[in-house]
Amino acid sequence: MALELRPTWCLHDDAVADNLELSSWMNADGSQAAENDGDDWAPGTRLELHRVLTAAVGHNELRQILGLEPGIGIGLAARWVCRATSAAGTHRGGPEPIPFDREVRLDVEVPAHVADQVELETCVLARWLTDEHGPETPPDNALLWSDAWSVNVGARSVQVEGSETRIPVQTVPFSSRFPESSEALWSVEFASDLQLDDLVANSLTVLLNESVLERDFADIDGKPDASRLPGFVQSAVQVDIISGLLHLTSTEQTEDEANEFPEGTVGALLASTMLASYGSLDSAIGTFQEDPTSFTRELWSTYAPNSWKARG
């Protein structure tokens with residue numbers, strides 16, 4: 001059994017639990033983040049999470065209850081890490097802790113390129129209210145308590161992606177990416193030597209036109225925000241991906257061969273899509289070769305959004 005040593009100024013888990021109420025991590029839409037299955041793909045969409053910490057007493061009384069010396073207050077912070085992409089960050093406005101109040105909301109924004117899952121940690125930090133520090137007291141911003149001490153990683157993790165195939169998305173200026181200027185909203189780049197057993201994540205990239213996003217889909221700060229794209233754009237991208245993959249790979253595979261491709265490969269993606277749209281791989285490939293228009297129309301039926309109405 002590993003022995004964990006903490007400085008003497010650290011708070012006991014029970015003391016924090018008795019005096020601070022921590023809500024669950026929530027998504028931007030108000031749903032529980034713990035219920036995320038990661039299978040809702042949207043181009044370039046970041047993950048927005050928040051939780052609320054509430055105390056029954058004010059700052060001075062809480063400081064005394066927790067046994068903190070005069071001159072020491074507390075601040076609240078959150079940090080996240082994604083081991084799959086070696087990315088990490090803090091709460092919005094961090095790493096500077098948020099001053100304690102009876103109710104504090106911690107907001108976390110996880111970038112769109114982060115994958116797999118995100119581990120979250122909530123921290124209580126020491127904040128000196130005076131310039132005089134005792135010799136045995138914690139330094140400013142010292143960690144007093146973390147929920148990582150008592151809550152295992154699994155319970156503090158939020159799923160970013162699930163069993164669906166990961167699609168890389170980049171926002172780039174089309175004016176410098178392509179020989180001619182373009183007003184296209186998106187483009188799909190495919191690997192030149194693409195094979196059916198290649199991973200989809202290594203075989204293609206969805207490019208979003210930075211100038212068009214800035215003009216038509218900017219956030220309140222004027223920055224391009226792909227999360228504002230309407231559902232039919234995501235559908236159109238998916239139709240382009242499947243059509244492009246079929247054009248670039250052999251369409252002579254049998255259903256038995258298709259079942260041999262591992263999850264996340266080009267062959268597995270094409271096979272699952274063809275079966276969902278047509279019920280038969282042979283029928284799908286035959287339609288693609290003989291009547292591309294009908295094939296594309298059926299793809300649109302598969303990927304059509306719940307509403308064709310653009311956001312106002």
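Tutor: pLDDT is the predictor's confidence in each residue, from 0 to 100. This model is predicted, so that scale matters here.

Student: Where in the protein chain is confidence lowest, and where is it highest?

Tutor: Helix α6, residues 255-258, is lowest, at a mean of 60. Strand β7, residues 103-110, is highest, at 93. Where pLDDT is low, the predicted coordinates should not be read in detail. Across the protein chain the mean is 83, and 88% of the residues reach 70 or more.

Student: What is the secondary structure of the protein chain?

Tutor: It comes to nine helices and 13 strands. The chain has 312 residues, and 41% of them count as buried. Take contacts between residues at least 6 apart in sequence: 69% of these join residues at least 24 apart.

Student: Let's turn to a helix pair. At what angle do the axes of helix α7 and helix α9 cross?

Tutor: Roughly 90°. Helix α7 covers residues 266-278 and helix α9 covers 292-303; their axes come within 10 Å. The range 65 to 115 degrees counts as roughly perpendicular, and that makes α7 roughly perpendicular to α9.

Student: Which residues make that contact?

Tutor: From α7 come T273, M274, S277 and Y278. From α9 come S294, F295, E298, L299, T302 and Y303. By class, the contact has five nonpolar, four polar and one charged residues.

Student: Which residues of α9 are buried, and what do they pack against?

Tutor: S294, F295, L299 and Y303 are buried. The buried residues of α9 pack against α5 (231-248), α7 and α8 (281-290). An α-helix has 3.6 residues a turn, so residues three or four places apart point the same way.

Student: Why is T273 called buried?

Tutor: Its relative accessibility is 6%. Buried means under 20%, so T273 qualifies. T273 is found in helix α7. Leaving aside residues up to four places away in sequence, T273 touches I242, L299 and Y303.

Student: Why is N141 called partly exposed?

Tutor: Its relative accessibility is 35%. Buried stops under 20%, exposed starts over 50%, and partly exposed is in between. At 35%, N141 therefore counts as partly exposed.

Student: What kind of peptide bond joins G94 and P95?

Tutor: A cis peptide bond, with omega at about 10°. P95 is found in the loop between β5 (87-90) and β6 (98-99).

Student: What makes E189 partly exposed?

Tutor: A relative accessible area of 29%. That value sits between the 20% and 50% cut-offs. E189 is found in strand β12, residues 186-190.

Student: How far apart are E189 and L204, in sequence and in space?

Tutor: They are 15 residues apart in sequence, and 5.4 Å apart in space, C-alpha to C-alpha. Beyond residues up to four places away in sequence, E189 touches R177, F178, S203, L204, T205 and L207.

Notes: Residues numbered from 1 in each chain as written. Predicted model: local features only at pLDDT ≥ 70, side-chain atom pairs only at ≥ 80, totals over all residues. Heavy atoms only, no water. Axes fitted to C-alpha atoms, helices over the stretch in contact; angles between N-to-C directions. Helix = DSSP H or I, 4+ residues; strand = E, 2+ residues; numbered from the N terminus. Parallel < 35°, antiparallel > 145°, perpendicular 65-115°, else oblique. Contact = heavy atoms within 4.5 Å. Nonpolar A, V, L, I, M, F, W, Y, C, P; charged D, E, K, R; others polar. Buried < 20%, exposed > 50% of the residue type's maximum accessible area, 1.4 Å probe, protein only.
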